[in-house]
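Visitor: I am new to this structure. Could you show it to me, please?

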Amino acid sequence: MHYSILSILTQALRGQQGWTPAWREAEPQRHYDVVIVGGGGHGLATAHYLAKEHGITRVAVLEKGYIGSGNVGRNTTIIRSNYLLPENTPFYEWSLKLWEGLERDLNYNAMVSQRGVLNLFHSDSQRDAFARRGNTMRLAGVDAELLDRDAVRALVPRLDFDNARFPIQGGLLQRRGGTARHDAVAWGFARAADKRGVDIIQNCEVTGIRTTEGRVTGVETTRGFIGAGKVGLACAGNSSRVAAMAGLRLPIESHVLQAFVSEAVKPLVKGVVTFGAGHFYVSQSDKGGLVFGGDIDGYNSYAQRGNLPTIEDVAESAMALMPGLGRLRLLRHWGGLMDMSMDGSPIIDRTPVQGLFLNAGWCYGGFKATPASGWCFAWTIAKDEPHPLNAAFRLDRFATGHVIDEKGAGAQPNLH
Amino acid sequence: MRIPCPFCGERGVSEFSYRGDATLQRPDAGSENALAAFVDYVHLRDNPAGRHREFWQHTGGCRAWLVVVRDVRTHAIEQVSAARGLSQTVDVQMVEV
Ligand SMILES: Cc1cc2nc3c(=O)[nH]c(=O)nc-3n(C[C@H](O)[C@H](O)[C@H](O)COP(=O)(O)OP(=O)(O)OC[C@H]3O[C@@H](n4cnc5c(N)ncnc54)[C@H](O)[C@@H]3O)c2cc1C
Ligand SMILES: [Zn+2]
């Protein structure tokens with residue numbers, strides 16, 4: 001069913017009785033051209049672009065839980081392309097361009113909202129670093145504006161500008177950045193892929209990867225063996241476990257990141273604001289809740305829940321930036337599992353196993369990458385080689401020395 | 001999460017700094033395949049979903065390096081001991097906590 005003003009009006013007159021499920025409840029077939037493991041944003045986007053861009057429609061997405069139960073439904077929904085390194089800037093900008101046309105492409109309201117992303121700076125050296133990043137972005141055709149203190153105050157008045165330790169000196173603004181409704185992104189990609197013939201199979205956990213003479217032949221699942229010409233892994237947070245089924249050891253540790261939502265209040269924060277002197281970032285959802293988060297907990301975790309010290313750290317940073325936040329009650333808080341890679345950057349590549357492809361290592365920033373990640377992974381799977389946009393996101397870059405370390409932290413996943 | 005330091009007793013996790021996987025063996029720099037071995041040592045991890053043997057430093061206390069065995073699915077701590085002298089051996093006798 002095509003969604004439009006007309007369909008809404010027609011359904012209103014029919015008492016909303018005619019809506020059909022957004023995607024089919026597919027039964028696994030015996031064999032597919034491509035099996036995608038992981039029904040998160042990236043897996044679903046990959047299936048959509050495989051079908052749409054490459055005409056490959058005998059595709060299944062296997063998800064161990066339900067669609068959206070992973071990070072795609074747990075993140076703080078920020079999208080942006082304010083990256084510094086030449087391997088990253090064009091990729092994330094392509095993602096933002098895809099976001100800009102996504103709702104028309106999917107015929108689904110993903111609530112993409114370009115309300116701006118503002119990174120605050122609090123010292124002269126930080127201003128220099130942000131000016132450099134802004135210039136790099138502009139050279140790559142990405143929008144960036146360096147704001148002084150007054151311009152920041154005009155945009156977001158309710159910050160503590162005169163904090164004795166961290167006075168706000170200004171900020172780097174990307175107006176085209178913003179937020180998107182995370183669940184709707186998963187549902188929109190699922191529906192669009194399903195429409196082109198992709199089978200979305202929920203409650204189907206992959207438990208083994210079958211290979212013959214170094215070539216993948218299919219996957220063992222809780223719903224039986226499913227044959228495949230090619231297999232793409234998009235299992236954010238669980239990549240090491242799934243790749244180990246094919247004998248691979250990855251440059252990845254699993255860590256937990258927490259997020260928080262306050263009770264709803266009237267409009268308070270315009271766009272996304274990040275604190276430059278502590279681990280804190282905040283935006284406001286359309287319902288009015290303040291959505292915020294901070295740093296990862298910092299040690300290996302598959303617990304999908306975090307610990308109190310990080311909550312305290314986020315709360316302290318929040319109070320340093322926006323003291324008024326202390327008057328709000330917290331409504332919910334949760335954690336998600338992320339693949340923290342050794343250089344803080346992702347992997348979209350072939351693997352040493354023929355026909356097995358890997359999409360992993362998204363750290364805490366993979367939501368914004370969802371469209372471009374799916375687009376590039378689909379290309380890589382369809383053509384057996386990476387697209388120039390993901391050519392640097394190689395699995396072997398740690399051996400060749402071509403690491404992509406935005407933070408310059410080294411092989412320390414908990415510091416990226 | 002609380003970690004029982006063998007020297008200071010049980011303390012909140014915010015007193016400790018995480019120092020990563022303690023099962024890794026530093027390769028012999030003189031060996032034939034040293035380069036490849038170091039690439040693996042620096043970058044590749046088992047990253048198991050279960051018992052994990054890892055280094056913590058009691059930075060907000062006695063500053064000792066510890067080897068902790070923790071279930072990363074539950075944060076339950078099974079064993080803790082001083083890292084000194086046992087970091088390079090896999091089958092070490094550890095203090096049950
Ligand atoms: C609290 C939090 C806040 C974040 N905030 C942001 C943000 O503001 N902006 C941003 O860009 N990024 C953010 N991120 C990161 C972003 O959410 C992730 O990088 C991204 O969602 C990962 O890709 P995905 O959507 O495909 O992952 P997921 O949705 O996690 O998909 C992976 C799927 O694989 C499935 N799976 C795993 N193992 C198997 C198996 N054996 N068989 C079958 N299925 C399996 C899982 O069940 C899961 O559904 C945040 C993450 C967290 C946790
Ligand atoms: Zn101690």
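Visitor: Which residues of H2(A) are buried?
Guide: They are Gly41(A), His42(A), Gly43(A), Leu44(A), Ala45(A), Thr46(A), Ala47(A), His48(A), Tyr49(A), Leu50(A) and Ala51(A). Buried means under 20% relative accessible area, with a 1.4 Å probe and protein chains only. Helices are DSSP runs of H or I with at least four residues, and strands are runs of E with at least two, numbered from the N terminus. This is a predicted model, in which local features need pLDDT of at least 70, side-chain atom pairs count only at pLDDT 80 or more, and totals for chains, interfaces and linings use all residues. Residues are numbered from 1 along each chain as its sequence is written, chains are lettered from A and ligands numbered from 1 in the order in which they are written, and side-chain values use heavy atoms, without hydrogens and water.

Visitor: Why is H2(A) described as largely enclosed?
Guide: Eleven of its 14 residues are buried, so the rest of the structure largely encloses H2(A).

Visitor: What follows H2(A)?
Guide: Gly55(A) does, and its phi is positive, near 65°.

Visitor: Changing topic, how many disulfides are there?
Guide: The count over all chains is zero, a disulfide being a pair of cysteine sulfur atoms within 2.5 Å. For Cys235(A), the nearest cysteine sulfur is that of Cys204(A), 12 Å away.

Visitor: Is Cys363(A) buried or exposed?
Guide: Cys363(A) counts as buried, at 8% relative accessibility. Cys235(A) is buried too, at 11%.

Terms used:
Buried < 20%, exposed > 50% of the residue type's maximum accessible area, 1.4 Å probe, protein only.
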